[in-house]
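Subject: Structure handover

Hello,

Please find the structure below, followed by notes on what was found in it.

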Amino acid sequence: MSETSPKLRAELEGIPTYKPGKPASADGPVAYKLSSNENPYPPLPGVMESVTAAALNFNRYPDMACTGLMNELAERFGVPVSHLATGTGSVGVAQQLIQATAGPGDEVMYAWRSFEAYPIITRISGATPVQVPLTPGDVHDLDAMADAITDRTRLIFVCNPNNPTGTVVRRAELERFLDRVPGDVLVVLDEAYREFIRDMDVPDGVQLYRDRPNVCVLRTFSKAYGLAGLRVGFAIAHEPVAAALRKTAVPFGVSQLAQDAAIASLRAEDELLGRVGSLVGERTRVADTLRAQGWTVPETQANFVWLRLGERTLDFAAACDQAGVVVRPFAGEGVRITIGETEGNDIFLKVAEGFRKEL
Ligand SMILES: Cc1ncc(COP(=O)(O)O)c(C=O)c1O
């Protein structure tokens, strides 16, 4: 066998592999998976029917242009089809956005801590990540982000609500920030958890993008719509950006099952948003209970809560595991807990109560 191995790009060295939330183990004590911000509700029967029907034809390639879904989205959001692009989950679209805007020597900025895929997809493209720390209250520091813009900044993510803290940026501060960003820098409003927002001061990115050609909105069917396993997300952006997304797409990336399920979900939106309403109710209950136990919980507008546990992070996650819930620890920083089934949330709250007493 040859001693040499294929030359790989130097940029790939040291890139962390994306760490998915741990699954709930089938035979151990862990019964509830609160580690991946998934929707705990099973697929709706009507959505399941559309997927089963599409499955009859999976010997064929899907509709590459996602025509049906694009038309449905255009109507739902009141945007032209030419302003839409779909992808393999919104993380797939986020990666395409970086491919379209940034390479070696360019900078991609985002808050930190934020969605853990941002540094990975930035470094894969060879661009330089610029991480701007959250404020002490775990909120985006938009002034510091605007101050950090350089000639090399090509793309800025604003994750609203932020993963993993659940915190939001509100209309006035976001508009002030957008006014400061040069027109040739793309701002990506990552709204993966948009449907869980109840704070009326948080702007809808779709309104902000309309008269701002450098703003792009990312949405997903993975969270509120419960299609995480089918991998479909989309962007709304002005034409040059949306066109660039179509160029950078993996051909046939979004399966027909995903396209048809997304269409069926949009048509069943009332029922799905009803489920979101119940999860929001659970979110309030969980956050209120934690505060009553003495925890500091940042105001969350997403389907998860954040506990800053510092050095105790891994101990806390282990205690949750033992009790039958799996959560998402970020070693040395904190734990993100998805709002899931009521029983799972209750187990978590019990662990939190016991742990609090020990602190
Ligand atoms: C902020 C944020 N953006 C994007 C995504 C990607 O979701 P998906 O690729 O399933 O659409 C996630 C998933 O956890 C997320 O938290």
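**Pockets, ligand and cavities**

The lining of the second largest pocket draws at least two residues from each of strand S2 (84-87), H3 and helix H8 (239-248). Helices (H or I, at least four residues) and strands (E, at least two) are DSSP runs, numbered from the N terminus. A pocket, on a 1 Å grid over the protein atoms alone, is an open set of points with protein on both sides within 12 Å along at least five of seven lines; a cavity is a set of points where a 1.4 Å probe fits but cannot get out; lining residues have an atom within 4 Å of a point.

This is a predicted model, in which local features need pLDDT of at least 70 and side-chain atom pairs count only at pLDDT 80 or more, while totals for chains, interfaces and linings use all residues. Residues are numbered from 1 along each chain as its sequence is written, and side-chain values use heavy atoms, with hydrogens and water left out.

To continue with the second largest pocket: H3 supplies the largest share of its lining, five residues. The pocket holds about 410 Å³ of space, where a volume is the space filled by probe spheres set on the grid points, which are joined across faces, edges and corners. Its lining has 23 residues, and Thr 86, Gly 87, Gln 96, Ala 249 and Val 250 lie nearest its centre. By class, 13 are nonpolar, nine polar and one charged. Here Ala, Val, Leu, Ile, Met, Phe, Trp, Tyr, Cys and Pro count as nonpolar, Asp, Glu, Lys and Arg as charged, and the others, Gly among them, as polar.

The largest pocket has about 610 Å³ of space. It is lined by 31 residues, with Tyr 18, Ser 36, Phe 115, Lys 223 and Arg 231 closest to its centre. H3 and strand S11 (328-330) are the elements that give two or more residues to this lining. The lining of the largest pocket is made up of eleven nonpolar, ten polar and ten charged residues.

The ligand sits in the largest pocket, meaning that more than half of its atoms lie within 2 Å of the pocket's grid points. Around the ligand are 13 residues, and Ser 90, Tyr 193, Thr 220, Ser 222 and Arg 231 come nearest; a residue counts as near if one of its heavy atoms lies within 4 Å. Helix H3 (residues 89-101) gives the most to this shell, three residues. The shell consists of five nonpolar, five polar and three charged residues.

- Asn 163: a side-chain N or O atom is 2.7 Å from an oxygen atom of the ligand.
- Asp 190: a polar side-chain atom is 2.7 Å from a nitrogen atom of the ligand.
- Arg 231: a polar side-chain atom is 2.7 Å from an oxygen atom of the ligand.

The protein buries 93% of the 400 Å² that the ligand exposes when taken alone (Shrake-Rupley method, 1.4 Å probe).

There are two cavities of 30 Å³ or more. The largest cavity has a volume of about 70 Å³. Among its 13 lining residues, Pro 43, Tyr 225, Gly 226, Leu 272 and Arg 275 lie nearest its centre. The second largest cavity has a volume of about 30 Å³, and its lining includes Tyr 225 and Thr 220.

Regards

Definitions and conventions:
Polar contact = N/O pair within 3.5 Å; in protein donor to acceptor, adjacent residues only side chain to side chain.
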